[in-house]
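Reader: I'm new to reading protein models. Could you walk me through this one, feature by feature?

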Amino acid sequence: MPTHSRDRIVVVGGGAVGLCSALFLLRRGYKATVIDRGPPGDGASGHNAGIIATGHCLPTALPGVIRSLPKMLLDPLSPLAVRWRYLPRMLSWLLRFLAAGRPSRVEEASIAITSLIEQSVRAWEELVPVGGTEGAFAEGGYLLGYLTEATYRKDAFSIETTRRRQVPMRVLDQAGVAELAPTLSGRFSHGVWFPNAVWGDPRRLCTRLHQLFSEAGGETIRSEVVGFEVGSDGVSEVRTQDGAIPADGLVIAAGAWSKSLTAMLGFTTPLDTERGYGVDLPDPGVELPFPILSKDFHFALTPLPQGLRLAGTDELAGLEAPPNFRRADRLIEASRQVFPELNPSGAERWMSFRPSHPDSLPVIGRAPGYNNVFLAYGHDHVGLTQAAITGEIVARLVDSEEPTVDIYPFRPTRFRFGRP
């Protein structure tokens with residue numbers, strides 16, 4: 001493989017997508033520099049359910065979600081809520097979201113999402129070990145759990161769509177769920193088991209990625225990007241609060257903050273943030289052998305070395321509004337309806353920003369009007385799942401190689417670009 005030791009690629013964003021992109025670029029011989037304001041995993045990449053969700057092949061905008069949207073938006077503690085002060089800024093996004101919920105659009109999005117997730121574990125294995133004592137992930141799958149028959153039947157569209165994508169899965173009755181783990185006996189009326197998934201502590205994973213990047217000679221700069229210098233060949237310099245950095249190429253992988261960066265280059269995509277809340281319990285009083293996603297309450301329970309993580313809910317309120325940690329408390333209340341013995345003592349609440357486009361698809365590709373700028377952001381609820389395969393795609397694009405995934409559905413120009 002040819003080396004590019006004189007070419008410096010600057011990656012803006014030190015989350016999972018940015019670090020994976022930088023690592024793949026480094027392994028192809030590029031000089032890679034990562035710029036981020038905080039430490040690895042400080043944002044959404046380290047604050048999520050920690051699942052490489054190989055069964056997640058559906059967009060957020062589903063017909064059932066669309067029908068329930070008005071009712072959900074009236075309840076500030078519902079699984080999907082909007083701050084009314086932010087609503088005027090969200091109207092365009094919400095209209096696109098409604099359009100994305102049409103069955104034909106859902107089918108298209110599902111096919112596109114599947115193309116990424118079916119290569120997700122393989123791409124992660126290119127970077128870090130999976131399984132075993134040295135692995136960054138635990139093997140063993142995850143379960144969608146349904147408390148009631150009614151909830152299970154309401155999810156028929158999602159289950160059937162997932163089955164059409166030929167995702168490895170098993171639909172279980174109450175007895176089948178109990179066979180997976182005795183601790184689940186009598187708790188769920190139905191379940192869907194995804195055996196090929198892996199999971200782990202996402203913050204530790206990001207720290208490990210950064211360690212691998214640094215050991216291989218990568219450079220990390222803790223600063224904030226304030227602008228770009230553009231020459232005849234594209235972006236030639238990245239300006240930060242602490243000085244300018246020369247660049248032969250640029251990757252924008254800054255999650256929810258990517259929109260402000262692309263605006264500096266003269267275009268935008270309809271990117272906004274779904275604020276996700278979570279709770280870490282150090283002594284939960286419940287031992288789970290694998291993650292569980294509650295379909296009744298729309299959140300995940302993930303066993304981590306330091307305890308149990310509860311993660312879920314969406315709040316549309318932008319990047320500036322203060323957190324509403326009542327939403328995190330709601331996760332504890334919901335968990336105790338499934339596991340009454342749950343111990344909430346010592347709960348650590350958090351909130352993160354999920355970068356989302358209305359169609360739940362990321363932007364992956366060359367920036368319009370720039371030969372040396374590449375975009376990789378907007379991964380919705382599955383940024384950790386899609387991070388490694390996205391990083392591999394970015395490295396191939398920089399090298400002018402065909403990706404292993406058809407990236408046409410993720411093209412930046414699928415939206416009508418507006419001036420910032």
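Author: Let's start with helix axes: an axis is a line fitted to C-alpha atoms, for helices over the stretch in contact, and angles run from 0 to 180 degrees between N-to-C directions. This is a predicted model, where local features need pLDDT of at least 70 and side-chain atom pairs count only at pLDDT 80 or more, while totals for chains, interfaces and linings use all residues. Residues are numbered from 1 along each chain as its sequence is written, and side-chain values use heavy atoms, with hydrogens and water left out.

Reader: What are the elements, and how do α1 and α9 cross?

Author: Helices (H or I, at least four residues) and strands (E, at least two) are DSSP runs, numbered from the N terminus. Two packed helices are described by the angle between their axes and the distance between the axes. Here, the axes of α1 (residues 16-27) and α9 come within 10 Å and cross at roughly 25°. That makes α1 roughly parallel to α9 (angles under 35 degrees count as roughly parallel, over 145 as roughly antiparallel, 65 to 115 as roughly perpendicular and the rest as oblique).

Reader: Which residues of α1 and α9 make the contact?

Author: Contact means heavy atoms within 4.5 Å. On α1 you'll find Ala16, Leu19, Cys20, Ala22, Leu23 and Leu26, and on α9 Cys206, Leu209, His210, Leu212 and Phe213.

Reader: Now the sheets. What is the order of strands in the open sheet of six?

Author: Two strands pair if DSSP finds at least two bridges between them. The order is β10-β2-β1-β14-β21-β20, with mixed pairing. β10 (219-222) and β20 (363-366) each have a single partner strand, so one side of each has no neighbour in the sheet. Neighbouring strands are turned by 15° against each other on average, direction ignored.

Reader: Where does the mix of pairing show up?

Author: Take β2 (residues 31-36) and β10, which pair in the parallel sense over four bridges; Ile35 stands opposite Ile221 in β10. Helix α9 (residues 202-215) lies across β2 and β10, at about 120° to β10. By contrast, β20 and β21 pair in the antiparallel sense over four bridges, with Arg366 having Phe374 as its bridge partner in β21. Those two strands form a hairpin with six residues between them, and Gly369 in the turn has a positive phi of about 90°.

Reader: Is β21 buried or exposed?

Author: Buried means under 20% relative accessible area, exposed over 50%, partly exposed in between (1.4 Å probe, protein chains only). Five of the five residues of β21 (residues 373-377) are buried, so this strand is largely enclosed by the rest of the structure. In a regular strand the side chains alternate between the two faces of the sheet. In β21, Val373, Leu375 and Tyr377 point one way, and Phe374 and Ala376 the other way.

Reader: Which residues touch the most other members in the largest nonpolar core?

Author: A nonpolar core is a set of buried Ala, Val, Leu, Ile, Met, Phe, Trp, Tyr and Cys residues joined through side-chain atoms within 4.5 Å. Of its 100 residues, they are Trp124, Leu184, Leu209 and Leu310. A second, separate core of 24 residues includes Phe228, Ile252, Leu261 and Val363.

Reader: What about a loop residue such as Gln119?

Author: Gln119 lies between α4 (103-117) and α5 (120-125). At 16% relative accessibility, Gln119 counts as buried. Not counting residues up to four places away in sequence, Gln119 touches Ile389, Thr404 and Val405.
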